[in-house]
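Hi,

Here's the structure I said I'd pass on to you.

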Amino acid sequence: MGKFLLLAFRNVFRNRRRTVMTLMMVGGGVAGLLLVGGFFAFMFRGLRESTIRNGLGHIQIFTAEHFQRDEVHVLDTGISDWRHVAASVRSGDHVRGVAPRIDFYGMLSNGVKSSVFMGSAVEPDSERAMGFSPRIASGRDLGSNSNGEVEALIGTGVAKSMSVKVGDGLTILAVTADGALNGIDVQIVGIVNTGFKDLDDRYLRITLPSAQRLLQTDRVTNLVVGLDDTENTDSVAAILIPELRGQSQPMVIRKWIDLAAYYQQVRTLFSGIFLFLGIIVFFMVLMASVNTLLMAMFERTREIGTMLAMGTPRMWIVALFMVEATLTGLFGAAVGVLGGNLLGVALNISGLHLPPPPGSDVPMAFKVLHVPGLMIGASLLVVISLALASILPAIRASRLQIAEALAHV
Amino acid sequence: MHPSDDLVHVDAVTRKFPLDHSAVTALDHTSLRVAAGEFLAIAGPSGSGKSTLLNLIGCIDKPTSGRIFIDGVDTSQLSPARTTALRRERIGFVFQTFNLIPVFTAAENVEFPLLIQGVNASDRRTRVTEALESVGLAGRAHHRPDLLSGGERQRVAVARAIVGRPALVLADEPTANLDTRNATQLIELMRDLNCRLGLTFIFSTHDQRLLEHTPRIVRLTDGQVESDSHSQGESHGQVLAACVS
Ligand SMILES: Nc1ncnc2c1ncn2[C@@H]1O[C@H](COP(=O)(O)OP(=O)(O)OP(=O)(O)O)[C@@H](O)[C@H]1O
Ligand SMILES: [Mg+2]
């Protein structure tokens, strides 16, 4: 067995030039997959973190009713005892902060023009404590205590359609929790660019107390939980679920991934692209290797004939060729993992940037993550590809007519 | 029909090779008996059927008609697996082109037949050493074939052929790629092993000079035995006696 592996091992390095070519091809495939996959992983992580920091948070808490029925009046299904719930969640491990929010909608007017809005009300301090801050295009974020003027942030699209700017006043009209129409005057303190046009055309943000006054309620829509690290989402969620059972209203939680539809779409799309690349690499390696292995087999015809003449079982010949190819795959994978990671490190150090992605004006950093799962996956891919590629040459070798093989020049 | 002391019995064997519309008859109703312990040369001009006959005796080719017995066993009746086992256990091969495994050292090449016979590691070591010593190459054990001369390579091949303790060693033109001195030495080596170990050797050559000390010479022409001469009219017993002296 040992000698047999030794024979296979030495045969792999028998034709140096060809082995180097094969290792470069296999290693190149693996390194390419690692670089592309590592960049995608970096992109996913960036999108994930920006999605979370743009206000999604890691976990959101709702009443169970919120998903069970449509509201007749605003905040019908809101959380009433939210201060208590927030306090108990805030005391948990890994929790950086808990922020109450209200989602509401209505009309904006400045006496000349009006526009519909999708509003959100927040506690600016709680948001900032978790590192969530809106992307302000001009002006400033909401202040902490809103005595005097009611402050508001509006989207760039809203500002444009209503021809207003920072410092101007607006009237917000909305239906209260009792079904009556109510209005408050607000002052624009900042204009927000979310990066999504549809959002910017409807964006309005005011403080939670202002919204509760407008809507005549003390409820909130949900609580947004921010954690120290996205990796802890599942473990914290697992603790929260039983903890929330004791509350007066039945509660449910949603993790960021459940709410991040855009992130999921992007991920699905790029995973598809990556899968396609993987398939291409697989077949490239397969086809190139079948050819190389057939050549190697042809060159060794007389040697195989000799082994068969001496009484070597034909299965040994099959095994020998397959083991050789598998070893080649393993070496190629090692070369690829090494090369891919070195290239990745070099790229990360170089500080390369890509042009801004659509909907953004910041150039995107080109970095690759070193993902162990990817290294294992890409290595397996080429090893399997080579093992499969060797089947045909191996079987051909084992079926050689001994006398003819021995006469082969 | 076939006495048990015949190691090899070729019984009216014909081997035809199909060629387009006709066929080449490489062997034509050839018969031959070889007893255990014989040292036999097959001579004849190119194309006379020497290789074909050796391939058939070595069970790496099948006759078109006729039968071949090894140790009284009709080889045409054996399954492929049994045929492989027969070659592995009973027959050693020496080839014109040496055919050593280039990535193996001399010792590893000699070890290979023991590996496929399933001999354990410590027995393999002693037997490899013995075999290399018997061909005078103990000092070259760890050289790869490309570092050995042609004569040395062929002696490694002889060591490989005998290490598995076969009943029969077949050598098709083992000297064709050697110079005269090495060729003579190789035949002497095989003759010596034949005498000392009682191994049966059948080799082919078309070099007359190598046949001087060969006790039995079978001459083929056009696939038929032209003559089968025991030198100086020696009988098989006398041949063995000649070894001892
Ligand atoms: N595989 C084959 N296909 C067709 N014809 C063959 C084949 N093998 C041998 N022959 C023919 O059979 C005849 C005998 O060939 P063989 O190789 O046995 O001769 P030989 O005595 O070994 O010759 P040499 O001294 O050249 O090696 C020749 O005419 C040869 O052309
Ligand atoms: Mg020949």
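Predicted model: local features only at pLDDT ≥ 70, side-chain atom pairs only at ≥ 80, totals over all residues.

Let's begin with a question: which elements of chain B each supply at least two residues of the lining of the largest cavity? They are α2 (80–90), β6, α3 (106–117) and α5 (150–163).

**Cavities**

That largest cavity holds about 110 Å³ of space. It has 14 lining residues, and the ones nearest its centre are B:I91, B:G92, B:P113, B:R160 and B:A161. Sorted by class, the lining has seven nonpolar, three polar and four charged residues.

The count of cavities of 30 Å³ or more comes to four. Among the residues lining the second largest cavity are B:L56, B:C59, B:D61 and B:K62. Its lining splits into four nonpolar, three polar and two charged residues.

**A pocket with both chains in its lining**

From chain A, α14 (402–407) gives two or more residues to the lining, and from chain B so do β1 (6–19), α1 (50–57), β6 (91–94) and β7 (168–172). The largest share, five residues, comes from α1(B). By class, you'll find 13 nonpolar, 13 polar and seven charged residues there.

**Ligand 1**

B:S51 turns up again when you look around ligand 1: of the 13 residues there, B:S46, B:G47, B:K50, B:S51 and B:T52 come nearest. Zoom in on the side chains and you'll see that a polar atom of B:K50 is 2.7 Å from an oxygen atom of the ligand. For B:S51, a polar side-chain atom is likewise 2.7 Å from a ligand oxygen, while for B:T52 the distance is 2.5 Å.

**A helix with a bend**

Last one, over in chain A. Helix α13 (residues 372–398) has 27 residues and spans 38 Å from its first C-alpha to its last, which is close to the 39 Å expected at 1.5 Å a residue. Where does α13(A) bend? Look at A:I391: the bend there is about 35 degrees, and a proline, A:P393, follows within four residues.

Happy browsing!

Key: Residues numbered from 1 in each chain as written. Chains lettered and ligands numbered in written order. Heavy atoms only, no water. Nonpolar A, V, L, I, M, F, W, Y, C, P; charged D, E, K, R; others polar. Expected span 1.5 Å × (residues − 1). Bend = angle between axes of the 7 residues up to and from the residue. Near = heavy atom within 4 Å. Polar contact = N/O pair within 3.5 Å; in protein donor to acceptor, adjacent residues only side chain to side chain. 1 Å grid on protein atoms, 1.4 Å probe; cavity = no way out; pocket = protein on both sides within 12 Å on 5 of 7 lines; lining within 4 Å. Points joined across faces, edges and corners; volume = space filled by probe spheres on them.
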